[in-house]
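I opened a structure file today and kept notes as I went. The entries below follow the order in which I looked things up.

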Amino acid sequence: MKSHWGSNIVVAKGRVLHPVELSGFATFKGSNPVGLLTYRIEGGDCEIVTIDSTAEDEGIGTALIEAVKKRAKVKGCRRIWLITTNDNLRALGFYQKRGFRIVALYPNAIEKSRKLKPQISMKAVNGIPIRDELELELNLEESE
Ligand SMILES: CC(C)(COP(=O)(O)OP(=O)(O)OC[C@H]1O[C@@H](n2cnc3c(N)ncnc32)[C@H](O)[C@@H]1OP(=O)(O)O)[C@@H](O)C(=O)NCCC(=O)NCCS
């Protein structure tokens with residue numbers, strides 16, 4: 001968690017979350033962990049808190065999404081939602097191609113997040129300033 005997220009905490013919508021304490025799914029290549037998704041369920045909503053793939057474009061992220069979709073449906077959730085940031089173009093494409101829709105934009109939310117987690121960079125590796133939060137959701141009542 002530390003190597004991928006800069007610290008043991010994740011900040012989203014002004015909340016501090018501790019992914020290591022959450023339920024999740026991991027993918028392995030042999031005994032080597034190559035993917036991890038953590039989530040939390042509250043009031044019929046399933047929030048993806050983190051998702052990471054260390055071997056991109058091999059289907060790991062998709063498998064993790066399918067796993068959490070199945071779990072959320074078994075638990076009776078109406079939707080899966082998550083927060084990502086404006087710079088994360090890869091994630092924005094990835095989620096939308098898998099049925100997620102952008103349902104909210106929180107302009108400048110990262111300024112507040114940085115007060116709780118100073119490790120959040122000003123700029124992403126692709127050069128885009130990290131400023132805003134976007135909320136995406138997958139409506140489980142509509143999706144297959
Ligand atoms: C976003 C993320 C989880 C996607 O994981 P991933 O393992 O690359 O996802 P997949 O391999 O399932 O899908 C990625 C692409 O590879 C393609 N792909 C899947 N298996 C493939 C294969 N065997 N050969 C070639 N391409 C393949 C998929 O079709 C997909 O393309 P598409 O989105 O155009 O349909 C990953 O990029 C990541 O860890 N990013 C950094 C952390 C992050 O930003 N997390 C989200 C924060 S909100």
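**Entry 1: the overall fold**

I read the elements from the N terminus on, and they run α-β-β-β-β-β-α-β-α-β-α-β. Helices (H or I, at least four residues) and strands (E, at least two) are DSSP runs, numbered from the N terminus. The radius of gyration of the protein is 15 Å, close to the 15 Å that the globule rule gives for 144 residues, so the protein is as compact as a globular protein of that length. That radius is taken over C-alpha atoms, and the rule is 2.2 Å times the number of residues to the power 0.38.

I noted that this is a predicted model, in which local features need pLDDT of at least 70 and side-chain atom pairs count only at pLDDT 80 or more, while totals for chains, interfaces and linings use all residues. Residues are numbered from 1 along each chain as its sequence is written, and side-chain values use heavy atoms, with hydrogens and water left out.

**Entry 2: box and burial**

Along the principal axes, the C-alpha atoms fill a box of roughly 35 × 35 × 30 Å. I found that 42% of the 144 residues count as buried. Buried means under 20% relative accessible area, exposed over 50%, and partly exposed in between (1.4 Å probe, protein chains only). I also looked at contacts, meaning heavy atoms within 4.5 Å. Of the contacts with a separation of 6 or more, 62% are between residues 24 or more positions apart.

**Entry 3: helix 3**

Which residues of helix 3 are buried? In this helix, residues 89–97, I found A91, L92 and Y95 buried. Seen down the axis of helix 3, the buried residues fall within an arc of 100 degrees, so they line one face of the helix. The arc is that of the directions from the helix axis to the C-beta atoms. On the other side of helix 3, L89 and K97 are exposed. I then looked up what covers the buried residues, and the cover includes helix 2 (60–74), strand 5 (45–53) and strand 8 (133–139). Just after helix 3, G99 takes a positive phi of about 95 degrees.

**Entry 4: cysteines**

How many disulfides does the structure hold? I found zero disulfides, a disulfide being a pair of cysteine sulfur atoms within 2.5 Å.

K13 is not a glycine, yet it has a positive phi of about 50 degrees. I placed K13 in the loop between strand 1 (10–12) and strand 2 (15–17). K13 is partly exposed, at 37% relative accessible area. D57 is not a glycine either, and its phi is positive at about 65 degrees. D57 sits in the loop between strand 5 and helix 2. With 67% relative accessibility, D57 counts as exposed.

**Entry 5: E135**

Not counting residues up to four places away in sequence, E135 touches residues including K13, W81, R101 and Y106.
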